[in-house]
Amino acid sequence: MKKNYLFLGFAVPDEEMEKVFKLDKLPSIQTHKFNWNLIKGLELCDTFKYTYISARPVSDYPYYPRKKFRSHNWKIKIFDKSINIIEIPFINTSILKIITRFFSGMYYIFKEYNKEKNKGGIIVYSVHVPFMLLGYLISRIYSIDYIAIWTDPPSVQIERDSFLKAKLRSIELYISKFLMRKASKVIALTKYLAEDFAPQKPYLVIEGIIDENEMNWTRSRKISSSEIKIVYTGSLSKRYGIKNIVEGFLMNKNENLVLEIYGRGDFEEDLKQICLVNNKVVYKGFISQKEVLNVQREADFLINARSPEEEYVKYSFPSKTLEYMLSGTPLITTMLPGIPEEYRNYVLVLEDNNPKTICQMLENIVKMGKEERDQVGLKALEFVKRKNNINQAKKIIDFLNK
């Protein structure tokens, strides 16, 4: 009899989440992608059985306009098999979200997982407090492993937080650190996440997961001898470097360069004003994930420029790094402490995210010929294919079996 692992995460069907992303001011696109890429890999490996319990990944009200979510029982087809996912109900305000997700999660765990005879462990995605608390308690109740998957550090302060919420985040941080130390095993995007928050615990580093299906495509960009299109897709949060990218671009006087930006975030209104007076910067708004992939493949270059100096970035492996590399389009990026050194061989490296550094890189890429660009992008593509969901899931399964 196969072991059954309880998977506690944020997996909701694509068609449902496409509706959510259109309304959410801060859409959790990468959370959605990571959960599904992992689930597809685990199911394709067919080593264990899984009981899936999920919460819909949405921003707190009013950043997402709904306050209440009901339960759903989703039947999902993954290749030649069907899986069942229980979506739990909750109230979508900051404090009540934590309380209601904990109690509804507990209810459905006992309802669905208690009947399983050969329990393997509980896999908990993210540093979400109610899920970590459930992971710890359920592991004690059933004497099974609590396996943590971390893609971010705990309780990151956000500029839009009120004074009260900032204080509550301090409490959340204390609780998160306590619960993170209780994990039996850790799967993390960077070694620093595991070593700093769960010292002495066995861990596996998985930088990200690529969907096997997204590797079958044809690059469609016809490189022009005049216009050079640089594209940014993702969060328009100032702390993620988008402001510096735009400033560096505006410093450059080359008339052939065009910067296209897609996404949402706190730099959005500033960006709209910049576009009104400079037609070389084009803000395209928010588009679907399918459209994003096409845009990336049609660009001349892609860019990401988070500061390598900030403390939190050692816990970060930007999810768009793998996504960008998979496009076959050359990637311009800073190297964060959490990005393994081998990635330097496959990207165009910004030593920092100072606008002057970005401006100089733009001068360099203008001089690159078509063949050189193609080689940079294709080398990155071949490298990143190794990070597909089947290969990454096999590593995770081997880790669970130890």
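Which residues form a nonpolar patch on the surface? In this predicted model, the patch is formed by I95, L96, I98, I99, F103, L168, I171, Y174 and I175. An open sheet of six strands is the other topic here.

**Nonpolar patch**

- Together, the nine side chains' residues named above, I95 and L96 among them, have about 830 Å² of accessible area.
- Helices α3 (94-113) and α5 (163-180) each contribute at least two residues to the patch.
- The largest share, five residues, is supplied by α3.
- L168 belongs to helix α5.

**Open sheet**

- The strand order is β13-β12-β11-β14-β15-β16, and the pairing is parallel.
- The edges are β13 (281-283) and β16 (348-350); each has a single partner strand, so one side of each lacks a neighbour in the sheet.
- From one strand to the next, the twist averages 25°.
- Within the sheet, β14 (residues 301-304) pairs with β15 (residues 331-334) in the parallel sense over three bridges.
- On this pair, N304 stands opposite T333 of β15.

**Helices on the sheet**

- Helix α9 (residues 289-298) packs on the sheet and touches β11 (228-233), β12 (257-262) and β14.
- The direction of α9 makes about 150° with that of β11.
- Helix α11 (residues 355-366) lies across β11, β12, β14, β15 and β16.
- Relative to β16, α11 runs at about 160°.

Terms used: Residues numbered from 1 in each chain as written. Predicted model: local features only at pLDDT ≥ 70, side-chain atom pairs only at ≥ 80, totals over all residues. Heavy atoms only, no water. Patch = residues over 30% accessible without salt bridge, like charges linked within 9 Å, V, L, I, M, F, W, Y side chains within 5 Å. Areas by Shrake-Rupley, 256 points an atom, 1.4 Å probe, with all protein chains shown as cover. Salt bridge = Lys/Arg side-chain N within 4 Å of Asp/Glu carboxyl O. Helix = DSSP H or I, 4+ residues; strand = E, 2+ residues; numbered from the N terminus. Pairing = 2+ DSSP bridges. Axes fitted to C-alpha atoms, helices over the stretch in contact; angles between N-to-C directions. Contact = heavy atoms within 4.5 Å.
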